[in-house]
Amino acid sequence: MFVIGDIHGAHRALQQCLSRANFDYEADHLVCLGDVCDGWPDTRSCIEELLKIKNLTYIWGNHDHWAFQWMQKGIVENVWVTQGGAATMASYDESIPSSHLEFFKKALPYFIWENKLFVHAGIQLDRPLEHQDLKIFSWDRSLVQKAWAYLLSRDKVKLTTYDEVFIGHTPIPFTRPLQSCEIWMMDTGAGWSGVLSIMDVATKEIFTSDPVPTLYPGVQGRASAK
């Protein structure tokens with residue numbers, strides 16, 4: 001099983017990661033932590049690439065919700081447009097394949113496998129998952145903030161009941177995913193000036209793309225980190 005961070009429309013980086021990991025589209029399982037869209041110009045191509053993968057688990061991201069609102073109902077929020085939505089709309093021209101709508105309809109709020117949790121943004125530690133909602137799973141940074149604090153203090157504690165938790169959403173200023181406690185921070189800034197990262201969940205081997213701006217010379221990524 002592999003897990004990949006926020007792609008943000010960077011199809012060239014996605015292709016590099018899958019190639020460098022020798023990912024098998026028929027046999028391997030990929031968990032995407034959300035935010036395939038918004039930022040770089042190839043959201044449509046990114047989804048087409050992911051649809052080729054036989055064993056794909058896709059997690060809802062906050063940007064995915066904005067994009068899906070537009071695809072399904074034509075709702076265009078100004079905040080979305082300024083945070084990469086304009087690039088997503090441009091990638092589709094006037095045609096949105098039904099398979100792309102189905103892609104998002106099949107997305108999960110989170111995924112649990114062998115006591116490992118995969119979620120876009122995080123969870124709140126003071127209540128069970130069944131009492132939390134998609135807004136928390138796709139927006140809440142409190143778990144990352146706690147993990148980051150323990151990383152800086154170098155205290156070794158366990159924050160959740162899971163063996164490992166894999167999250168995206170919050171970009172980290174490193175070119176490789178970062179672990180603190182049992183939390184893996186997988187967003188290495190592909191939506192900005194960073195790289196896209198994919199990890200073999202079993203071996204922890206990491207494969208990264210080139211810095212994304214070098215793959216799209218002259219193109220600006222996301223305009224905001226929200």
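Mentor: Contact here means heavy atoms within 4.5 Å. The model under discussion is predicted.

Trainee: Which residues does Q124 touch, not counting residues up to four places away in sequence?

Mentor: Q124 sits in the loop that runs between strand 5 (116-119) and helix 6. Its relative accessibility is 18%, and buried means under 20%, so Q124 counts as buried. With residues up to four places away in sequence set aside, Q124 touches Q132, I136, D140 and S142.

Trainee: At what angle do the ring planes of W66 and W139 stand?

Mentor: The structure holds 16 aromatic pairs. In the pair of W66 and W139 the ring centres are 5.6 Å apart, and planes over 60 degrees apart count as edge-to-face. This pair is edge-to-face because its planes stand at 75°.

Trainee: How many residues apart in sequence are the parts that this pair ties together?

Mentor: W66 belongs to helix 3 (residues 62-73), whereas W139 belongs to helix 6 (residues 134-139). The pair therefore ties together parts whose separation in sequence is 73 residues.

Trainee: What kind of aromatic pair do W70 and W80 form?

Mentor: W70 in helix 3 and W80 in helix 4 (residues 78-92) are ten residues apart, and their pair links distant parts of the chain. W70 is buried, with a relative accessible area of 13%, and W80 is buried at 0% relative accessibility. The distance is 5.9 Å centre to centre and the angle between the planes is 40°, and the pair is tilted.

Trainee: Which residues touch the most other members of the largest nonpolar core?

Mentor: This core has 39 residues. The largest share, five residues, comes from helix 3. The residues that touch the most other members are L30, V36, L50, F104 and I198.

Trainee: How many residues does the other core have?

Mentor: Another core lies apart from the largest one. Among its members are L117, I167, I172 and M185. Its number of residues is 17.

Trainee: Against which elements do the buried residues of helix 1 pack?

Mentor: In helix 1, the buried residues are H11, A13, L14, Q16, C17 and L18. One of these, L18, is in contact with L30. The elements packed against by the buried residues of helix 1 are strand 1, strand 2, helix 2, strand 9 (197-200), strand 10 (206-208) and helix 8.

Trainee: Which elements each supply at least two residues of the lining of the largest pocket?

Mentor: The largest pocket has a volume of about 210 Å³. Its lining divides into seven nonpolar, two polar and three charged residues, and L50, Y58 and F103 are among the lining residues. Y58 and F103 also belong to a cluster linked by ring pairs, together with W60, F68 and F104. The elements that each supply at least two lining residues are helix 2 (43-51), strand 3 (55-58) and helix 5 (98-105).

Definitions and conventions:
Residues numbered from 1 in each chain as written. Predicted model: local features only at pLDDT ≥ 70, side-chain atom pairs only at ≥ 80, totals over all residues. Heavy atoms only, no water. 1 Å grid on protein atoms, 1.4 Å probe; cavity = no way out; pocket = protein on both sides within 12 Å on 5 of 7 lines; lining within 4 Å. Points joined across faces, edges and corners; volume = space filled by probe spheres on them. Helix = DSSP H or I, 4+ residues; strand = E, 2+ residues; numbered from the N terminus. Nonpolar A, V, L, I, M, F, W, Y, C, P; charged D, E, K, R; others polar. Phe/Tyr/Trp six-rings, centres within 6.5 Å; stacked < 30°, edge-to-face > 60°. Buried < 20%, exposed > 50% of the residue type's maximum accessible area, 1.4 Å probe, protein only. Core = buried A, V, L, I, M, F, W, Y, C linked by side-chain atoms within 4.5 Å.
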